[in-house]
Amino acid sequence: MQAALAEAGSEAQVIALASTARSAEDAAASIGTPLGSIVKSLVFTVGGAPVMALVAGDRRCDTMALGSALGREGRVRRADADAVREATGFAIGGVAPVAHETRLPVAIDASLGRFETVYAAAGHPHCVFATTIGELERLTGGTVSAEIAVAQ
């Protein structure tokens with residue numbers, strides 16, 4: 001993951017945590033940061049094709065808005081563990097927003113912009129990296145959307 005970040009032009013460093021970052025709540029507690037500053041990398045399918053939503057830890061993805069935010073049509077479904085691994089190369093609980101097996105369309109929750117620094121999974125349940133919403137947009141080629149996430 002560190003090499004992938006560097007190759008993409010990021011200066012972010014992978015941070016190994018003593019405790020798990022498998023969930024947004026775990027990551028926030030491990031880092032000592034607000035829950036909303038944790039980036040949840042969520043994989044869905046739209047019309048059968050995989051897509052990713054990067055959503056703040058204190059929000060949930062509005063699947064009704066996801067397809068249109070990405071300019072895609074079809075039924076939106078949460079991807080199962082096998083589909084997540086196939087699309088990204090990562091297991092649920094450590095899915096990074098970058099360095100996927102296949103290039104995925106990405107929608108980014110605009111509410112992540114509330115934070116100067118956000119933390120995303122780095123491919124392992126105990127690893128994260130610090131970044132910004134702007135860098136996530138650049139690294140993923142994603143579309144920032146105010147519609148894809150709602151308060152929990």
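Two strands count as paired if DSSP finds at least two bridges between them. Helices (H or I, at least four residues) and strands (E, at least two) are DSSP runs, numbered from the N terminus. The model is predicted: local features need pLDDT of at least 70, side-chain atom pairs count only at pLDDT 80 or more, and totals for chains, interfaces and linings use all residues. Residues are numbered from 1 along each chain as its sequence is written, and side-chain values use heavy atoms, with hydrogens and water left out.

- Strand β3 spans residues 49–56.
- Strand β2 (residues 38–46) runs antiparallel to β3, and eight bridges join them.
- V46 has A49 of β3 as its bridge partner.
- Two residues lie between the strands of the β2 and β3 hairpin, where G47 takes a positive phi near 60°.
- Strand β6 (residues 106–109) runs parallel to β3, joined by three bridges.
- V106 in β6 stands opposite M52.

**Residue S37**
- S37 sits in the loop between α2 (24–31) and β2.
- S37 is buried, at a relative accessible area of 1%.
- Its side chain makes a polar contact with the T33 side chain at 2.7 Å. A polar contact is a pair of N or O atoms within 3.5 Å; within protein, one must be able to donate a hydrogen and the other to accept it, and residues adjacent in sequence count only if both atoms are side-chain atoms.
- The S37 side chain also reaches the backbone oxygen of P34, at 2.7 Å.
- Leaving aside residues up to four places away in sequence, S37 touches F115, T117, V118 and Y119 (contact: heavy atoms within 4.5 Å).

Definitions and conventions:
Buried < 20%, exposed > 50% of the residue type's maximum accessible area, 1.4 Å probe, protein only.
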